[in-house]
Amino acid sequence: MLKANYEWQLKPSFDQSDLEKEQVVKETQLSPLLVDLLFQRGKQNIQEINDFLSEKPHFHDPFLLHDMQKAIDRLQEAVRNNELILIYGDYDADGITATTILYELLESIGANVTYYLPDRFVDGYGPNKEVYAYYIKQGVQLILTCDNGVAGHEAVKYAEEAGVNVIITDHHEIGNTLPDAYAIVHPRHPEGNYPFDDLCGAGVAFKLAQAITGSLPVEYLDVCAIGTIADLVRLEDENRSIVQQGLKIMAHSERIGLMTLMKSQNIDLNHIDEETIAFNIAPRLNALGRLGSAKPGVELLTSFDPDYCQELVNTIETTNQKRRVIVDQVSQQAIQAVEEWKELPEIIILAHPNWHEGVLGIVASRLVERYQRPSIILNYNAEKAEYKGSGRSVEGINLFKLLQAAKEYAPKSGGHAMAAGMTIAEDQFEAWKAAIYQAIEPFKEQLEGRVPLPIDAKITADQLTLENIQELNRLKPFGTANPKPIFLIENESISAPQQLGKDKNTLKFSLTKGNQQLEVIGFQKGNLANYLQAGQSVDLVVEASINTWQGNSRPQAILLDMASDQKIIVDWRREKNPDLIFSLSQSYYYFESKSLIAQYKEQIPSQSCLIGEEDLKQSREHYSQLVIFELPKNLQKLRDFVHNENIETIYLFSYSPISARKIGMPTRDHFALLYRYFIFYKELDLTGKKADLAQYLKIPLPLLNLLLKVLVEAELLEQDGQIYRIRPGQNKIDLKESTTLKNWAKRIEKENFLLNETIDNLTRYFFQEDNL
């Protein structure tokens, strides 16, 4: 049995009569499935549907943003007076693109401008007083922030008191107070009333450009789209238009650096979409600031030198590869630390003195995905006596609000509902942790259950045709607040399940409905292949996709979760990872030999049970999973146990300290060799000498023990402890009648069955009633 990882929640069909739905379908010429999805997303009449599907740009008046006019007036004054303006950006993809927009904008109107992207390891996030002081000494007379500022009280106050105005453009969560800046342009400013509150940093910079130029600055839409997608803001309202228009421009962008980067990734310019940015462009820009300076990102987006752009792309790619290696290393260490805990807390907080600060957010995301818990990962800096970290959350738990509950212990913290960063002094760390644990306590019951997975509609596999998926793509761009549609496919029979990739991390199988075959791909789900068999009936939760290769396109389903109520055997016969083998809770672990029990009993999970042959008649617990760790002597008893206990999943490891099938049946020559040896010596004390004798005879030690046992049984030898002596005057006997040899032959047969038989046949043997 394969259990779902998530709590599937199928959305109800929208409350509308068939007649209304039929009318909408008729007038829009859309499929009933797409109309259902549009109604679910709040588009509840023909006008709203047409507006949503239309690619007509939709942008608000930039002067509706709080302090926009004040900010523009001050910037124009600085341009007129040739004041040196500092753009103070951020080190992620949003900060890089926001800085690019403002730098190009101010240069285009004749400003005396420079920019600075803080180093996360030296300057930290947001306004830095020392950096401000340095640039003020260099003659900067106006500071313009982008993608940061609302948490920079100290630095902003310093600049203003030094006679240097600070204009903040930001979009991050606002705390209890705002800095005393000259102007604050923010879509959620408490004194503002902007129609759309979820612009990213690049989006706010774009609005400032729109206000200064007096028109829509389309030349910045490509980089603005990158920042918008990378920062995971809601892809609706203005953001939808930014991304739609930006992706179109990107296909024929005049930015040499951007085109060089896309060429290096073999990106098809005719099929650029939000996933191109999310999986190819944004991670590479983010990698710069994670490991060092983000400045090459701005240089790449603003340079017109092809050779220099190629150098930058090479640097970015090298940095990204290094980032991947570090992420994998830290992730493995973090997961190992969590696995050692007896219980999983409501929020995972891990700290280490050697974890790279630049990748902590990615590692936190991986832990959230694996454990479905909010996670905060921190690096401890002994020289500074502080912890610096990054956190990610799950739906329904606002990480920013959690951090606010511990703000007195960590004033340098901020972010969003789903992502945040923090710095905590060493002497405040334990108090900060206690405050976080207390703040999340009300969510304990919510976190103990499985994480909900909203499902848009139930369909059949044959509905995912190329034509239907192309129509569903009219909902693009997908992202926050406009996610990819998620579908439930029930009771479908699978074929050809297999693992793909160097690390076997990808799962692939097919569904066949009528004469149509649908390919299903599960990334990071390769381990599920062990739970699947051809012909098995499964329920799937998937996203629809189109796989294009060498000009040919075909429909594809991306697997998100799956379940099956069929009893199954998980093939662990070649498994070598003890952490995996001993990771199952609420399971029986079957052993036979006392030596193995003594060796492994401490590794059995606390919520599982070790059983032996004597426990097969009456178990102490009632679990639905059985791990056959050691080859059983009595297969019939174990099969009876499987049925009596209603076992649903068997994990077949089947270890044997002595492999009978590898040793094989002894030959007449084996017996003759050993018997002649005893005829010569008459009597042997083999105490501590059996291994030496086996080596001398050039046979395995287990085979020597078997030969001795058979010869004693046949009364050709007599045994007294470890002393063996010849028994003279014996008549010839037929060793084939030996009970020991017959049992050995059965053991070989049993080993061959459990270790070589197909999983399909083993499944029938253990679970089908007619085999009893």
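**Exercise 1. State the strand order of the open sheet of five strands and the sense of its pairing.**

Solution. The open sheet has its five strands in the order E3-E2-E4-E5-E6, with parallel pairing. The edge strands, each pairing on one side only, are E3 (112-116) and E6 (183-185). From one strand to the next, the twist averages 20 degrees. Strands here are DSSP runs of E of at least two residues, and helices are runs of H or I of at least four, both numbered from the N terminus. Two strands pair if DSSP finds at least two bridges between them. In general, strands of a sheet pair through backbone hydrogen bonds, either parallel or antiparallel.

The model is predicted: local features need pLDDT of at least 70 and side-chain atom pairs count only at pLDDT 80 or more, whereas totals for chains, interfaces and linings use all residues. Residues are numbered from 1 along each chain as its sequence is written, and side-chain values use heavy atoms, with hydrogens and water left out.

**Exercise 2. Describe how E5 is joined to E6 and to E4, and decide whether the residues of E5 are buried or exposed.**

Solution. Begin with the partners. Strand E5 (residues 165-169) is joined to E6 by three bridges, and the two run parallel. Thr169 has Val185 as its bridge partner in E6. E4 and E5 also pair in the parallel sense, over three bridges, and Ile143 stands opposite Val166 in E5.

Next, consider burial, where buried means under 20% relative accessible area, exposed over 50%, and partly exposed in between (1.4 Å probe, protein chains only). Five of the five residues of E5 are buried, so the strand is largely enclosed by the rest of the structure. In a regular strand the side chains alternate between the two faces of the sheet. In E5, Asn165, Ile167 and Thr169 lie on one side and Val166 and Ile168 on the other; both faces are covered.

**Exercise 3. Identify the strands that helix H6 touches, and explain why the pair of Tyr88 and Tyr132 is classified as it is.**

Solution. Helix H6 (residues 129-137) packs on the sheet, touching E2 (84-88), E3, E4 (140-145) and E5. Contact means heavy atoms within 4.5 Å. The direction of H6 makes about 140 degrees with that of E4; axes are lines fitted to C-alpha atoms, for helices over the stretch in contact, and angles run from 0 to 180 degrees between N-to-C directions.

Rings of Phe, Tyr and Trp (its six-membered ring) pair if their centres lie within 6.5 Å; planes under 30 degrees apart count as stacked, over 60 as edge-to-face and the rest as tilted. A search of the whole structure finds 28 aromatic pairs. The ring centres of Tyr88 and Tyr132 are 5.3 Å apart and the planes stand at 85 degrees, so this pair is edge-to-face. The pair links distant parts of the chain, with Tyr88 in E2 and Tyr132 in H6, 44 residues apart. Both Tyr88 and Tyr132 are buried.

**Exercise 4. Which residues touch the most other members of the largest nonpolar core?**

Solution. A nonpolar core is a set of buried Ala, Val, Leu, Ile, Met, Phe, Trp, Tyr and Cys residues joined through side-chain atoms within 4.5 Å. The largest has 72 residues, of which Leu75, Ile85, Leu208, Met250 and Ile281 touch the most other members. Not counting residues up to four places away in sequence, the contacts of Met250 include Ala225, Leu258 and Ile277. Apart from this core lies another of 55 residues, among them Leu511 and Ile604.
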